[in-house]
Amino acid sequence: MNSTIFTKVRLLGAETEWTFESTSENATQRLGILLAKQLEPGTVIALNGNLGAGKTRLVQAVAEAMGVDRSTVSSPTFVLIQEYQGRLPLYHFDTYRLKDTDEFLELGADDLLYSDGVCLIEWADKVAEVLPRDLLQINIEHISETSRTFHFQGQGPRSINIVNALKREDPSCSR
């Protein structure tokens with residue numbers, strides 16, 4: 001069986017969505033650890049949610065699990081992109097203040113999106129038209145002071161595999 005056919009067959013039985021309910025910072029930290037274990041070179045994660053939803057907090061948890069000092073990870077709102085060295089290079093974008101996708105591409109985003117690192121993009125819906133097709137979407141809902149709901153959606157073979165791996169790792173947190 002050639003690899004293209006195998007990929008299509010594998011994806012037919014795959015679930016593309018998963019939801020994680022976090023009721024504490026510790027639960028969000030655990031989610032970041034689980035997610036970090038699944039990341040490989042070239043993974044792109046689109047993070048969306050209102051101000052204060054927890055996008056940067058999830059990035060901090062992922063970065064720490066990949067060997068980055070959490071205290072060095074902050075929202076790149078004014079610098080637009082931060083690079084961290086961990087198990088893999090991490091590129092943390094914040095597109096909130098960008099006018100359009102051209103500005104995003106002028107940052108050199110194209111090179112980073114297709115690099116051997118992992119890209120985590122806050123406010124990714126603002127640049128969705130230029131993101132890779134294989135993309136892990138995470139929409140974060142602010143429920144209360146300590147509660148968040150993380151909605152995962154895989155949009156390609158790599159990201160669907162991540163969603164399914166997360167379900168296997170922590171099935172008690174899915175619905």
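Where does W123 lie, and is W123 buried or exposed?

Solution. The model is a predicted one, in which local features need pLDDT of at least 70 and side-chain atom pairs count only at pLDDT 80 or more, while totals for chains, interfaces and linings use all residues. Residues are numbered from 1 along each chain as its sequence is written, and side-chain values use heavy atoms, with hydrogens and water left out. To place W123, look between strand 5 and strand 6, where the loop that holds this residue is found; helices (H or I, at least four residues) and strands (E, at least two) are DSSP runs numbered from the N terminus. Next, take its relative accessible area, which is 13%, so W123 is buried (under 20% is buried, over 50% exposed, and partly exposed lies in between, with a 1.4 Å probe and protein chains only). Finally, check the backbone: W123 is not a glycine, and yet its phi is positive, near 60°. Most residues other than glycine have a negative phi.

Which residues is V130 in contact with, leaving aside its neighbours within four places in sequence?

Solution. Begin with the position of V130, which is in the loop between strand 5 and strand 6. V130 counts as buried because its relative accessibility is 18%. Its contacts, with those neighbours left aside, are T101, F104, L105 and L113, where contact means heavy atoms within 4.5 Å.

Solution. Counting gives 6 helices and 7 strands. Reading from the N terminus, the order is α-β-α-β-α-β-β-α-α-β-β-β-α. The chain has 175 residues, of which 51% count as buried. Taking contacts between residues at least 6 apart in sequence, 66% join residues at least 24 apart.

How many residues has the largest nonpolar core, and which have the most contacts inside it?

Solution. The largest nonpolar core has 31 residues, and L35, I138 and F152 are those with the most contacts inside it. At least two of its residues come from each of strand 1 (17–22), helix 2 (25–38), strand 2 (44–48), helix 3 (55–65), strand 5 (118–122), strand 6 (136–142), strand 7 (148–154) and helix 6 (157–169). Helix 2 gives the largest share, 5 residues. Apart from this core there is a second, separate one of 17 residues, which includes C119, I121, A124 and L135. Such a core is a set of buried Ala, Val, Leu, Ile, Met, Phe, Trp, Tyr and Cys residues joined through side-chain atoms within 4.5 Å. Now turn to F152, which, not counting residues up to four places away in sequence, touches several residues, among them W18, F20, L31, L35, I138 and V163.

Why is helix 3 largely enclosed by the rest of the structure?

Solution. Helix 3 has 11 residues, and because 9 of them are buried, the rest of the structure largely encloses it. The buried residues are K55, T56, R57, L58, V59, Q60, A61, V62 and A63. What covers them includes helix 2, strand 2, strand 4 (89–94), strand 5, strand 6 and strand 7. After helix 3 comes G67, with a positive phi near 100°.

At what angle do helix 2 and helix 3 pack, and at what angle do helix 2 and helix 6 pack?

Solution. For helix 2 and helix 3 the angle is about 50°, and the axes are 8 Å apart. Helix 2 is therefore oblique to helix 3. By class, the residues of this contact divide into 8 nonpolar, 3 polar and 3 charged. For helix 2 and helix 6 the angle is about 130°, with the axes 10 Å apart. Helix 2 is therefore oblique to helix 6 as well. Axes here are lines fitted to C-alpha atoms, for helices over the stretch in contact, and angles run from 0 to 180 degrees between N-to-C directions; under 35 degrees is roughly parallel, over 145 roughly antiparallel, 65 to 115 roughly perpendicular and the rest oblique. In the second pair, L34, L35, K37 and Q38 of helix 2 meet I162, A165, L166 and E169 of helix 6. That contact has 5 nonpolar, 1 polar and 2 charged residues, where Ala, Val, Leu, Ile, Met, Phe, Trp, Tyr, Cys and Pro count as nonpolar, Asp, Glu, Lys and Arg as charged, and the others, Gly among them, as polar. One of its residues, Q38, is 127 residues from A165 along the chain, with 7.3 Å between their C-alpha atoms.
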